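Here are some notes on aromatic pairing and helix packing, for reading beside the coordinates.

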Amino acid sequence: MNQQSKKNLTNRIVALAGITVFAFFIGIYVCVFSNYLEQHNTRKKLFGATYMTMNNEFYKIVNNQIRMQVEKNGDQMITLDPALDQKKQNEQIKQLVKRKVDAIFLNPVDWEAVEPGLVAAKKAKIPVIVIDSQVYRSDLVAMTIVSDNYKAGVLCAKEMMKQKDQANIVLLTHNAARSAVDRINGFLDTIKNNKNYKILASADTQGQIERALPKVDKIIEEYQNIDIVMGLNDPAAMGALAALDSKGSCIRNRWFARREKADQRRYDDRNSGTISQTDGRHSGQCGIPDSARGESREEKGNLCSNDNKKECRAD
């Protein structure tokens, strides 16, 4: 096995380990939460879940892990897909309220505009557990389970600066998602005082392949001196990669993304920096709640660069 193959294999292992551990901790929380409910009621439970989009392998894996734990306890779960439409997601939350679910797992499309749905759940005394992002009105939710996305952006920038002394950068953003905003802000704050790094353009891709491709295609037509593409997640970065491939581009591109689950065959040879979600509990940094008592709490996991383990302890 040559050095490149070993690096690609390491990338795969780190990426899969990160997402598995994140889902594992959510699974633990589901078990704990189910046990808490069981102490107060012996009937079978019904859970609801709505994620910003199911057109993302990350949310599919998270949902499957939660569902596995729910069904293991003999309970049921309803999963809904708003397809990046916040109005639709608010209606879905209200539908789950009408179904009288015992709890709702939520990844918001828009961290502020989700408030009407949260208010409906709060009024019905149904706890909401927010996953992989935050909401503006944290007082309306029982729990937030999230990685330190700002630190992820910082690590992305540091990794880039290790590999390139200067760069012209394109940002792929998702302005409605707090987690994505934090990630980009961490990146920008790290490079803001360094004149060697310049932001040429940015595009709100909502973290989707099909939205990133045409926007990056347009940016390539305007700028021919792109060195770095900062992708907020794998789908956005892969959409950019498809745009570059379609142009036959020779841009010296580098990809820095919060790893989820990429198509490694097309991705690894152009990806020179990855940031992964990793095991918070085993790093002694992330606590798992004993039960949901209705108060607003936030749990953060850790993030690691696959090339620098000494930097990866998120506070």
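1. Rings of Phe, Tyr and Trp (its six-membered ring) are taken to pair if their centres lie within 6.5 Å, with planes under 30 degrees apart called stacked, over 60 edge-to-face and the rest tilted. The model is a predicted one, in which local features need pLDDT of at least 70 and side-chain atom pairs count only at pLDDT 80 or more, while totals for chains, interfaces and linings use all residues. Residues are numbered from 1 along each chain as its sequence is written, and side-chain values use heavy atoms, with hydrogens and water left out.

2. Tyr51, Phe58 and Tyr59 form one aromatic cluster. Within it, the ring centres of Phe58 and Tyr59 are 5.3 Å apart with planes at 75 degrees, so this pair is edge-to-face. Phe58 is buried (under 20% relative accessible area, against over 50% for exposed and partly exposed in between, with a 1.4 Å probe and protein chains only), its own value being 0%, and Tyr59 is likewise buried at 5%.

3. The count comes to four aromatic pairs. One of them, Phe47 with Phe105, is tilted, at 6.1 Å centre to centre and 35 degrees between the planes.

4. Helix α7 (residues 209–222) packs on helix α8 (residues 234–247) at about 45 degrees, with the axes 7 Å apart; axes are lines fitted to C-alpha atoms, for helices over the stretch in contact, and angles run from 0 to 180 degrees between N-to-C directions. Helices (H or I, at least four residues) and strands (E, at least two) are DSSP runs, numbered from the N terminus.

5. Gln208 lies in the loop between β7 (197–204) and α7, and is buried at 2% relative accessibility.
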